[in-house]
Amino acid sequence: MAHEPDPTQEELLLESFLALETPEGFKAELIEGEIIVSPAPDGDHQDAIDLIVVQVYGRSRVPMQQSGNTGLILPRGGLCPKNHAIPDITFAPRELRLFRGAPAWMPCTGVAMVAEVTSTRPQGDRVAKRHCYARGGIPLHLLVDREEGMVTLLSEPVAADYTEVHAAAFGKPIALPEPFGFELETADFA
């Protein structure tokens with residue numbers, strides 16, 4: 001009599017993560033094989049997100065839509081299970097209507113840029129998510145680092161990292177390439 005093979009540790013971790021019920025106001029992500037539960041961000045975090053969204057909507061050459069609640073399934077890295085991240089903001093060209101009918105955890109195909117604003121776990125935003133987004137082939141990753149007072153744009157993903165890094169101190173603009181095609185003003189992040 002044949003029986004089902006025992007699940008691997010990766011499969012058990014992923015199954016446990018997907019079944020996890022987080023308390024209200026928290027979000028859970030599976031990054032580099034670690035389940036990370038984060039509290040709701042503070043007002044300055046949300047203000048930085050709003051500053052990005054307003055500029056993208058008003059200045060982008062290609063009309064964009066955004067989501068702050070979309071979970072992305074990203075390719076695995078090393079021996080880690082598949083990664084499941086919720087960027088602070090996910091942008092895609094409006095014409096794709098990428099978020100319409102999407103499941104809670106969707107592939108990252110079609111995403112133009114993700115943005116992260118550092119909060120309680122800045123190293124996760126600076127390192128782990130950077131590598132996850134690059135593995136997913138997301139063309140642009142914008143990081144607003146409140147602790148360092150810097151905005152960094154990562155582009156040209158290859159394997160598990162981005163090959164182009166452009167950084168500007170708060171107060172200096174940073175160029176967002178096509179399909180955005182404008183300079184993001186950063187003075188109000190300070």
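In the predicted model, Met-64 stands opposite Pro-93, a residue of strand β6. The strands β3 and β6 run antiparallel and are joined by four bridges. Both belong to an open sheet of six strands, in which the order is β3-β6-β8-β9-β10-β11 and the pairing is mixed. Strands β3 and β11 (161-169) stand at the edges of this sheet; each has a single partner strand, so one side of each is left without a neighbour in the sheet. From one strand to the next, the twist averages 20°.

Two helices were examined against this sheet. Helix α2 packs on the sheet and touches β3, β6, β8 and β9. The direction of α2 makes about 10° with that of β6. Helix α3 (residues 122-135) also packs on the sheet, where the strands touched are β8, β9, β10 (150-158) and β11. The direction of α3 makes about 135° with that of β11.

Helix α2 spans residues 43-59, 17 residues in total. The distance from its first C-alpha to its last is 24 Å, close to the 24 Å expected at 1.5 Å a residue. The buried residues of α2 are His-45, Ala-48, Ile-49, Leu-51, Ile-52, Val-53, Gln-55 and Val-56. The elements that cover these buried residues include β3 (64-67), β6 (89-93), β8 (113-117) and β9 (140-145). Strand β13 (182-184) is also among them.

Gln-65 has a relative accessibility of 15%; because buried means under 20%, Gln-65 counts as buried. Leaving aside residues up to four places away in sequence, Gln-65 touches Tyr-57, Thr-90, Phe-91, Ala-92, Arg-94, Arg-97, Leu-98 and Phe-99. For Leu-98, one of these residues, the backbone nitrogen lies 3.1 Å from a polar atom of the Gln-65 side chain.

Glu-178 is located in the loop between β12 (174-176) and β13. Although Glu-178 and Ser-60 are 118 residues apart in sequence, their C-alpha atoms are 8.5 Å apart in space. Glu-178 also makes a polar contact with Arg-61, side chain to side chain, at 3.1 Å.

Methods: Residues numbered from 1 in each chain as written. Predicted model: local features only at pLDDT ≥ 70, side-chain atom pairs only at ≥ 80, totals over all residues. Heavy atoms only, no water. Expected span 1.5 Å × (residues − 1). Buried < 20%, exposed > 50% of the residue type's maximum accessible area, 1.4 Å probe, protein only. Contact = heavy atoms within 4.5 Å. Polar contact = N/O pair within 3.5 Å; in protein donor to acceptor, adjacent residues only side chain to side chain. Pairing = 2+ DSSP bridges. Axes fitted to C-alpha atoms, helices over the stretch in contact; angles between N-to-C directions.
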